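Please consider the predicted model shown below.

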Amino acid sequence: MSFVEGYRDLEVYKLSRNLSLQIFRLTKSFPREEIYSLTDQVRRSSRSVGAQIAEAWAKRRYEKHFISKLTDADGEQQETQHWIETAHDCEYIDKKLADNLLDQYTSLSRMLNSMINKAPLFCKK
């Protein structure tokens with residue numbers, strides 16, 4: 001992929017960073033009693049998505065490792081979706097915001113799965 005020099009150039013990475021920042025800002029308004037549970041969990045999983053993408057990029061020499069890390073990133077984004085739904089269930093965020101975030105995470109998942117399906121293009125030597 002000659003047009004991409006590093007993981008920071010990937011649209012999926014940029015989206016993951018944007019979403020983790022949205023989650024961080026959003027969770028600042030969560031109740032104090034959630035700081036070591038919901039707040040911590042959703043922040044960790046949302047931040048992990050980008051970290052897993054960066055690790056996948058570093059492992060492009062080995063297609064199976066590349067796919068494994070992208071699969072981990074997809075798992076983290078799904079966990080984040082769970083925590084967003086939990087935040088909505090607890091009435092910390094409204095349905096419109098939850099749906100917007102879930103839609104963005106669904107798009108991110110599609111991008112990750114496209115990379116997984118096209119791994120040979122990313123892993124060429």
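His65 is partly exposed, because its relative accessible area is 45% and that class lies between buried, under 20%, and exposed, over 50% (1.4 Å probe, protein chains only). His65 belongs to helix α3; helices here are DSSP runs of H or I with at least four residues, and strands are runs of E with at least two, numbered from the N terminus. From His65 to His82 the separation is 17 residues in sequence and 26 Å in space, C-alpha to C-alpha.

The model is a predicted one, in which local features need pLDDT of at least 70 and side-chain atom pairs count only at pLDDT 80 or more, while totals for chains, interfaces and linings use all residues. Residues are numbered from 1 along each chain as its sequence is written, and side-chain values use heavy atoms, with hydrogens and water left out.

**Further residues**

| Residue | Relative accessibility | Class |
|---|---|---|
| Val4 | 10% | buried |
| Val12 | 3% | buried |
| His88 | 28% | partly exposed |
| Glu91 | 71% | exposed |

Val4 is placed in the segment before α1. Between Val4 and Phe30 there are 38 Å in space, C-alpha to C-alpha, for a sequence separation of 26 residues.

His88 is located in helix α3. The C-alpha atoms of His88 and Asp99 are 9.5 Å apart, with a sequence separation of eleven residues. Glu91 occupies the loop between α3 and α4. The phi angle of Glu91 is near 65°, which is a positive value in a residue other than glycine.

**Helix α2**

Helix α2 covers residues 38–58, 21 residues in total, and extends 31 Å from its first C-alpha to its last. This span is close to the expected 30 Å at 1.5 Å a residue, where the expectation is 1.5 Å times one less than the number of residues. At Val49, α2 bends by about 25°, the bend being the angle between axes fitted to the seven residues ending there and the seven starting there.

**Nonpolar core**

In soluble globular proteins, nonpolar side chains tend to be buried together. A nonpolar core is a set of buried Ala, Val, Leu, Ile, Met, Phe, Trp, Tyr and Cys residues joined through side-chain atoms within 4.5 Å. The largest such core contains 35 residues, and Leu10, Ile53, Phe66 and Ile84 touch the most other members. At least two residues of this core come from each of α1, α2, α3 (63–89), α4 and α5 (119–122). The greatest contribution to this core is that of α4, with eight residues.

**Pocket and cavity**

Both kinds of space are found on a 1 Å grid over the protein atoms alone: a cavity is a set of points where a 1.4 Å probe fits but cannot get out, and a pocket is an open set with protein on both sides within 12 Å along at least five of seven lines; lining residues have an atom within 4 Å of a point. Grid points are joined across faces, edges and corners, and a volume is the space filled by probe spheres set on the points.

The largest pocket holds about 240 Å³ of space. Twelve residues line this pocket, and Leu10, Glu11, Val12, Met115 and Phe122 are the closest to its centre. Two or more lining residues come from each of α1 (11–27) and α4 (95–117), and α4 gives the most, with three. The pocket lining consists of eight nonpolar, one polar and three charged residues, where Ala, Val, Leu, Ile, Met, Phe, Trp, Tyr, Cys and Pro count as nonpolar, Asp, Glu, Lys and Arg as charged, and the others, Gly among them, as polar.

How many cavities of 30 Å³ or more does a search of the whole structure find? The search finds one. The largest cavity has a volume of about 30 Å³, and its lining includes Ile23, Phe30, Val42, Trp83 and Ile84. The elements α1, α2 and α3 give two or more residues to this lining. Its residues divide into eight nonpolar, one polar and no charged.
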